[in-house]
Amino acid sequence: MKKLLRKSLLILGLLGVQSVSAQPFSAEFKKSEVLRVMEAVADWQIAHQANVKHGVQDWTNATLYLGMSDWAALAEKEKGTKEYYDWLKRIGDRVGWQPAKRMYHADDICISQMYIDLYRRFDAKKMLDPTIARTDWVMKNPSEGPMILDYRKSESLERWTWCDALFMAPPVYARLYNMTGDKRYLRFMNEQYRDTYDLLYDKDEHLFYRDARYIGQKEANGAKIFWARGNGWVLGGLCEILQELPAKEKSREFYENLFIEMASRIKELQLPDGYWRASLLDPDSYPSPETSGTGFFVYALAYGIRTGLLPADEYMPALKKGWEAMVKAVEETGKLGYVQPIGADPKKVTRDMTEVYGVGALLLAGTQIFEMSE
């Protein structure tokens, strides 16, 4: 009987019909269950990392490494294993702990978040020095590229002119400020961040345009175009920044208020099945679940509740639905599905699609949920 059922499900899959299988993981807020999901997802990704067609220092992998560094700390504490730290250290050693090549591009400094986290754990200067050299050079030689509306012009990419950049670069400067107390890092981050906010944040919708090309464009239903993962990048970046800024730091208020305002809007846009769709205001045009945006939103809600920025009674139902949705997208093997491929706007997603940054988002979310679980 089991063989017959498996054969039927295989036929359905070959025909392109999405079958419903037994849920291999539990979404309960129990530490043991959260660990089980995270371990399966992390192990599957590491086992398949050789098939990932991105550069070692690419922003895609850098997002994975950030989630993996959180997971490595948790696995060491709870399971007594350093194998995930060892995996990350091999990556750092392979590239000499260097950021990627482009001096100003936000994507190319994203990997330094992982470098700094490992430096804090192992206190090895080689992990930190290249990042200090890069950021200090950029601050001494700031790009004169304008915050222009034409995102396609290369000089605009020397500034944080797309909302994803708010995840990639600012948390690096926030970490360095927190570690050193050097306010140059804080001033640079605040100035650059506010320029992006002024350019891309819609104060009516409380959401970010992906970049200035989308201002004024409309979805099929006439709504403005707000990309789920793009706004997920922003909220995820805010979590990273807020974990670094001291409570008495004056600029913290701006980031806290933005985080709360966006989280409130995101909660309103969650669908009954717990997912957010690729297009936040036109989910019917992209009806499939999407787990990279959902993963970052779950991360933000969990962080907000755990730290008291978001009231638990109001936000916990959305968080639990969101985590359950993420867990449903994990196959028995540990593969995370429904991850929209690289892009700049909403696109079609299928269950078989996966990407490293989606895994990074799940691990970031899982780490926060573990801390509030029984």
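The charged end of Arg121 sits over the ring of Phe122, 4.6 Å from its centre, where such a placement requires NZ of Lys or CZ of Arg within 6 Å of the ring centre and within 35 degrees of the ring normal. Arg194 likewise lies over the face of Phe254, at 4.2 Å from the ring centre. The model behind these values is predicted, so that local features need pLDDT of at least 70 and side-chain atom pairs count only at pLDDT 80 or more, while totals for chains, interfaces and linings use all residues. Residues are numbered from 1 along each chain as its sequence is written, and side-chain values use heavy atoms, with hydrogens and water left out.

**Aromatic residues and the core**

The structure holds 25 aromatic pairs, a pair being two rings of Phe, Tyr or Trp (its six-membered ring) with centres within 6.5 Å, called stacked when the planes are under 30 degrees apart, edge-to-face when over 60, and tilted otherwise. One of them is the tilted pair of Tyr173 and Phe188, at 4.9 Å centre to centre and with 35 degrees between the planes. This pair links distant parts of the chain, for Tyr173 belongs to helix α8 (residues 170–180) and Phe188 to helix α9 (residues 183–200), 15 residues apart; helices (H or I, at least four residues) are DSSP runs numbered from the N terminus. Both Tyr173 and Phe188 are buried, that is, under 20% relative accessible area, whereas exposed means over 50% and partly exposed lies in between (1.4 Å probe, protein chains only).

Tyr193, Tyr197, Tyr201, Phe208, Phe254 and Tyr255 form one aromatic cluster. Phe208 is also among the residues that touch the most other members of the largest nonpolar core, which has 130 residues, together with Trp71, Tyr193, Phe259 and Trp323; such a core is a set of buried Ala, Val, Leu, Ile, Met, Phe, Trp, Tyr and Cys residues joined through side-chain atoms within 4.5 Å. Residues up to four places away in sequence aside, Phe208 touches, among others, Cys163, Leu166, Phe226 and Met262, where contact means heavy atoms within 4.5 Å.

A cavity is a set of points on a 1 Å grid over the protein atoms alone where a 1.4 Å probe fits but cannot get out, a pocket is an open set with protein on both sides within 12 Å along at least five of seven lines, and lining residues have an atom within 4 Å of a point. Grid points are joined across faces, edges and corners, and a volume is the space filled by probe spheres set on the points.

| Space | Volume | Lining | Nearest the centre |
|---|---|---|---|
| Second largest pocket | about 250 Å³ | 14 residues | Ser69, Asp70, Asp117, Arg120, Arg175 |
| Largest cavity | about 140 Å³ | 16 residues | Tyr104, Val138, Trp160, Tyr173, Phe188 |

For the largest cavity, the elements that give two or more residues to the lining are α6 (129–140) and α9. In the second largest pocket, α3 (59–79) and α5 (112–122) each supply at least two lining residues, and α5 gives the most, with four residues.

Glu76 lies in helix α3 and counts as buried because its relative accessible area is 19%. Its contacts, residues up to four places away in sequence aside, are Thr81, Lys82, Tyr85 and Arg121. Lys30, found in the loop between α1 (2–14) and α2 (31–47), counts as partly exposed because its relative accessibility is 37%. Beyond its neighbours within four places in sequence, Lys30 is in contact with Ser373 and Glu374.
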